[in-house]
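The paragraphs that follow lead through a predicted model, from a helix to strands, aromatic rings, cores and loops. Please keep the sequence and the structure in view while reading.

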Amino acid sequence: MLTKRLLPLTGLLSLFALIAGSIQSRAAEDHPGCVWEVAGKANTVYLAGSMHLLTEKDYPLPQPYDDAYKKSEKIWFEAPPDKINDPAIALQVMQMAMYTEPGQSLKTELSPETYQALVKGLQGHQLFALMPDVDKIRPGFLAIMLGQLELMEMGARPDLGLDMHLYQRAVADRKETGGLETWDFQMKLLNQFNKEENDKMVRYTLDNLGKTKEFFEKLVERWKKGDAEGVAAAMNEGLEDFPELAEVLLIDRNRSWIEKIEPMLSEEDKDVMVVVGTGHLVGKDSVIELLEKKGYTVRQLRIAAEPVPAQ
């Protein structure tokens, strides 16, 4: 499902549905989660696999997330969270997501067959209530919005996502925060595909409407358990059908992030936590694989063993 493939990127559209909120920080001691430590010269960089949307029942977090956060003086994200409430950024998102040129719309950009399938598939869909002019939404943004709306129906929300939780906590603790990319860069990603690729993207999404919930629940369960191979298998399922999507949204970004993470490994006595979509940390050409190829030692964190009571 294409909506599955786009789940790691739902953070790009958090601005559409972000609700201010906070969660009490506690650790779930029975799950390891997806957190890795990379040994630097005099410090440690923690790579924390994020789920950009979560539900209330997904808290408390697995213990390694809490451990890595407490040890880190800097908390870095895919894009700077402090900009997420900026009205100018929200306006940019809307402008990038919509066709503004006269005569351009989904009807003109999609094949007649895909457009008719879109009209039929969205009859009575809640997207019409939020954005009546659906015909003006660009294909990449439409695919993500449809997946995100399905998730929000089951209680998964951006304000409950790991990124926002850790950012709010970092602000309260006065820790330094930042981003590997700019919001402007992220917003441009989904508009890089040609008409044929966009048509394929929308048709694939429509064919799989209603299946996101089952996939998401399975993915979150694997994420909590620290099943990196299981997460990789789920995230990469079907990517062979969309090599251009994987290259632009995952692989190219992973490579560019290495250039930003490596200097962090030279920080003197300052541990750093880097929070990115879990899909970027698992599987072939992941951030972890690229760092290991450069000779860095990477280890997935596990739950600390209970101390043995004295006899």
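Of the 15 residues of helix α7, 13 are buried, so this helix is largely enclosed by the rest of the structure. The length of α7, which covers residues 139-153, can be checked against expectation: at 1.5 Å a residue it should span 21 Å, and its end C-alpha atoms are 21 Å apart, which agrees. After α7 comes Gly155, whose phi is positive, near 95°.

Which strands does β5 pair with? Four bridges join β5 to strand β6, residues 176-179, and the two run parallel; four bridges also join β5 to β7, again in parallel. Ile75 takes part on both sides, for its bridge partner in β6 is Thr177, and its bridge partner in β7 is Met273.

The aromatic rings come next. How many aromatic pairs does a search of the whole structure find? The search finds two. Tyr65 lies in helix α2 (residues 63-71) and Trp223 in helix α11 (residues 212-225), so the pair ties together parts that are 158 residues apart in sequence. Both Tyr65 and Trp223 are buried. In the other pair, the ring centres of Phe77 and Tyr167 are 6.3 Å apart and the planes stand at 80°, so the arrangement is edge-to-face. Since Phe77 belongs to strand β5 (residues 74-77) and Tyr167 to helix α8 (residues 162-172), this pair ties together parts that are 90 residues apart in sequence. Phe77 is buried, with a relative accessible area of 1%, and Tyr167, at 14% relative accessibility, counts as buried too. A further ring, that of Tyr69, has Lys175 over its face, at 4.0 Å from the ring centre.

In soluble globular proteins, nonpolar side chains tend to be buried together. Here the largest nonpolar core has 61 residues, and those with the most contacts inside it are Trp36, Val45, Leu47, Tyr65, Trp223, Met273 and Val274. Tyr65, not counting residues up to four places away in sequence, touches Gly33, Cys34, Val35, Ala48, Gly49, Leu162, Trp223 and Met273. Apart from this core lies another, of 29 residues, among them Met131, Leu149, Phe193 and Leu249.

Helix α8 also holds Asp163. Is Asp163 buried or exposed? At 13% relative accessibility, against a limit of 20% for burial, Asp163 counts as buried. Leaving aside neighbours within four places in sequence, Asp163 is in contact with Ser50, Met51, His52, Phe77 and Val275. The C-alpha atoms of Asp163 and Val275 are 6.9 Å apart in space, although the two residues are 112 apart in sequence.

Another aspartate, Asp269, sits in the loop between α13 (243-264) and β7 (272-277). Asp269 is exposed, with a relative accessible area of 59%. Residues up to four places away in sequence aside, Asp269 touches Ala42, Asn43 and Glu73.

Some backbone features in the loops complete the tour. A cis peptide bond, with omega about 5°, joins Tyr59 and Pro60, and Pro60 lies in the loop between β3 (44-50) and β4 (61-62). Arg174, a residue other than glycine, has a positive phi, near 60°; it is placed in the loop between α8 and β6 and is exposed, with a relative accessible area of 79%. Asp285 likewise has a positive phi near 60° without being glycine, and its place is in the loop between β7 and α14 (287-293). At 15% relative accessibility, however, Asp285 counts as buried.

Technical notes. Residues are numbered from 1 along each chain as its sequence is written. This is a predicted model: local features need pLDDT of at least 70, side-chain atom pairs count only at pLDDT 80 or more; totals for chains, interfaces and linings use all residues. Side-chain values use heavy atoms; hydrogens and water are left out. The expected span of a helix is 1.5 Å times one less than its number of residues. Buried means under 20% relative accessible area, exposed over 50%, partly exposed in between (1.4 Å probe, protein chains only). Contact means heavy atoms within 4.5 Å. Rings of Phe, Tyr and Trp (its six-membered ring) pair if their centres lie within 6.5 Å; planes under 30 degrees apart count as stacked, over 60 as edge-to-face and the rest as tilted. A charge sits over a ring if NZ of Lys or CZ of Arg is within 6 Å of the ring centre and within 35 degrees of the ring normal. Two strands pair if DSSP finds at least two bridges between them. A nonpolar core is a set of buried Ala, Val, Leu, Ile, Met, Phe, Trp, Tyr and Cys residues joined through side-chain atoms within 4.5 Å.
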